[in-house]
Each structure stands twice: as C-alpha cells, then as structure tokens.
Amino acid sequence: MNYAVRYYSRSGNTKGIADAFANELGVDAISAESKAAEINEEVDMLFIGGALYAYGIDDHLARFIERLQSDKVKKAVIFSTSWISKHAIELIRESLEEKGIAVEDESFYSRGKPSTKDLEKAAKFAKNYK
C-alpha cells in the first residue's frame, strides 16, 4: 500500500500524532502549508489531520483539501487533536466527501498535548491500516 500523511498544526500537538503515524507507515508527515504536501501521485491511504480553530479548520488545511484530486486519493483517514472538541474531524470529513474522496468511518482523536501513551496508541492505530 502507498501511504501519505498530511496535517496542519499550530501548537505541534497534531504534528506529534502525524509523526507517530508516519513513523509506523514508513513515510514522512508533511504539513499542509508546505509545497511538498501536494499529492501528485496516487495514494491508497491519506492520513489527514488538523484541529479546530475558531469553529473551523485552519485555512492552510482547508486550501490543501480544496487542491486534492479525488483520482489521486483512494481513501482517507482523519485525525485531530484539540483541548475542547472533536468537531474538526467532521469538518474534514465533509470537505473530503464533497471532493468525492472516500473516508474511513474510524478516525483518531487525541485530547490536548499527546502523551507517550497517546503516541503509542497513534502508532497502533496506523498499524491497523498496514
């Protein structure tokens, strides 16, 4: 399987989870604000995450999703971190589905700054998709 991990993180919490996924899958976690984040070749599974900022997902992640092409992403897995709400998961899901990208029912959420245990759970979660 061909994997990609993309995220947007202001505090570093979502980046921590993205890195745990990427390490388990043997790929790099790339921030959505980076030019290197573009998906130019087909991927079987895109792990994509962000948090809730002022009741929405950050513009960097929103623009990245807008640029995604449904013929390049077979399926997506959503993840998020936040102190308050899991709502970013639903916002990301809606944006991906509007693009015609299939999304796994199961998502990954970590409250606040990920602990070592949270990072281990993230790696185990990603391993389920190998």
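**Exercise 1. Decide whether Gly 49 is buried or exposed, and list its contacts outside the local sequence.**

Solution. Begin with the relative accessible area: Gly 49 has 0%, so Gly 49 is buried. The class follows from the cut-offs: buried is under 20% relative accessible area, exposed is over 50%, and partly exposed is in between, with a 1.4 Å probe and protein chains only. Strands are DSSP runs of E with at least two residues, helices are runs of H or I with at least four, and both are numbered from the N terminus. Then collect the contacts, a contact being heavy atoms within 4.5 Å. With neighbours within four places in sequence set aside, Gly 49 touches Arg 6, Tyr 7, Tyr 8, Thr 14, Leu 61, Phe 79 and Ile 92.

The model is predicted: local features need pLDDT of at least 70 and side-chain atom pairs pLDDT 80 or more, while totals for chains, interfaces and linings use all residues. Residues are numbered from 1 along each chain as its sequence is written, and side-chain values use heavy atoms, without hydrogens and water.

**Exercise 2. Classify Val 43, Ser 34 and Gly 16 by accessibility, and place each in the chain.**

Solution. Val 43 is in the loop between β2 and β3. Its relative accessibility is 5%, so Val 43 is buried. Outside four places in sequence, Val 43 is in contact with Asn 2, Tyr 3, Ala 4, Lys 72, Val 73 and Lys 74. For Ala 4, 39 residues away along the chain, the C-alpha separation from Val 43 is 6.7 Å.

Ser 34 belongs to the loop between β2 (29-31) and β3 (45-49). At 29% relative accessible area, Ser 34 is partly exposed. Ser 34 and His 60 are 26 residues apart in sequence, and their C-alpha atoms are 9.2 Å apart.

Gly 16 sits in helix α1 (residues 13-25). With 22% relative accessibility, Gly 16 is partly exposed. From Gly 16 to Ser 107 the C-alpha distance is 16 Å, at 91 residues along the chain.

**Exercise 3. Count the aromatic pairs and work out the geometry of Phe 108 and Phe 125.**

Solution. Rings of Phe, Tyr and Trp (its six-membered ring) pair if their centres lie within 6.5 Å; planes under 30 degrees apart are stacked, over 60 edge-to-face, and the rest tilted. The count is eight aromatic pairs. For Phe 108 and Phe 125 the ring centres are 5.4 Å apart and the planes at 55°, so this pair is tilted. Phe 108 is in strand β7 (residues 108-111) and Phe 125 in helix α4 (residues 116-127), 17 residues apart. Both Phe 108 and Phe 125 are buried. Ring pairs also join Tyr 3, Phe 21, Phe 47, Phe 79, Phe 108, Phe 125 and Tyr 129 into a cluster.

**Exercise 4. Describe the chain as a whole, from its elements to its radius of gyration.**

Solution. The protein chain has four helices and seven strands. From the N terminus, their order is β-α-β-β-β-β-α-β-α-β-α. Of its 130 residues, 50% are buried. Of the contacts between residues at least 6 apart in sequence, 76% join residues at least 24 apart. The radius of gyration, taken over C-alpha atoms, is compared with 2.2 Å times the number of residues to the power 0.38. For 130 residues a compact globule would have a value near 14 Å, and the chain has 13 Å, which agrees.
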